[in-house]
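I opened this model to see how the chain is put together. My notes follow in the order I looked things up.

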Amino acid sequence: MGLGGCIILIAVGAILTFATDWHMQGVNLDLVGVILMIVGLIGVTTFSSIARRRRVVVPPTTSTVVEERRRDGYSDGYGM
């Protein structure tokens with residue numbers, strides 16, 4: 001599950017907990033909402049820690065200097 005899925009879980013859980021007043025027999029929607037928010041937060045922290053570990057720091061490369069040697073005489077190759 002990616003970061004977007006975790007954020008959707010948090011949003012759905014918040015909606016179930018704070019914005020609804022439905023009452024279902026045998027199901028506590030407030031508790032379901034809190035559980036979804038907790039799972040979403042765990043997912044966000046897990047995703048961010050994995051993403052932080054995957055970042056690879058590449059050291060800067062040293063530039064290579066190539067010197068061109070000119071031959072004595074003509075440099076255009078035509079001999080004039």
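I began with Phe-47, which is found in helix H2. This is a predicted model, so I read every value below as computed from it. Is Phe-47 buried, partly exposed or exposed? I looked up its relative accessibility and got 33%. That counts as partly exposed, because the class runs between under 20% for buried and over 50% for exposed. Gly-2 is 45 residues away from Phe-47 along the chain, yet their C-alpha atoms are 7.0 Å apart.

I placed Ile-7 in helix H1, which covers residues 3-19. Ile-7 has a relative accessible area of 48%, so I logged it as partly exposed.

**Whole chain**

I then stepped back to the overall counts. How many helices and strands does the protein chain have? I noted 2 helices and 0 strands. The chain has 80 residues, and 14% of them count as buried. Its accessible surface comes to about 7400 Å². Carbon and sulfur atoms account for 62% of that surface. I also looked at contacts between residues at least 6 apart in sequence. Of these, 53% join residues at least 24 apart.

**Thr-17**

Back to single residues. Thr-17 lies in helix H1. Why did I log Thr-17 as buried? Its relative accessible area is 15%, and the cut-off for buried is under 20%. What does its side chain reach? I found the backbone nitrogen of Val-34 at 3.3 Å from the side chain of Thr-17. I then listed what Thr-17 touches, not counting residues up to four places away in sequence. The list reads Asp-30, Gly-33, Val-34 and Met-37.

**Gly-43**

I picked Gly-43 next, in helix H2, which spans residues 29-54. Gly-43 is buried, because its relative accessible area is 15% and buried means under 20%. I also checked the spacing to Ile-10.

**Leu-36**

Leu-36 lies in helix H2. I read 21% relative accessibility for Leu-36, so it counts as partly exposed. The cut-off for buried is under 20%. Which residues is Leu-36 in contact with, leaving aside its neighbours within four places in sequence? I wrote down Leu-9, Ile-10, Val-12, Gly-13 and Leu-16. I also looked up Thr-17, which is 19 residues from Leu-36 along the chain. Their C-alpha atoms are separated by 9.6 Å.

**Val-32**

My last stop was Val-32, also placed in helix H2. With neighbours within four places in sequence left aside, Val-32 is in contact with Leu-16 and Val-27. I checked Thr-17 again from here. Val-32 and Thr-17 are 15 residues apart along the chain, with 7.7 Å between their C-alpha atoms.

Definitions and conventions: Residues numbered from 1 in each chain as written. Predicted model: local features only at pLDDT ≥ 70, side-chain atom pairs only at ≥ 80, totals over all residues. Heavy atoms only, no water. Helix = DSSP H or I, 4+ residues; strand = E, 2+ residues; numbered from the N terminus. Buried < 20%, exposed > 50% of the residue type's maximum accessible area, 1.4 Å probe, protein only. Contact = heavy atoms within 4.5 Å. Areas by Shrake-Rupley, 256 points an atom, 1.4 Å probe, with all protein chains shown as cover. Polar contact = N/O pair within 3.5 Å; in protein donor to acceptor, adjacent residues only side chain to side chain.
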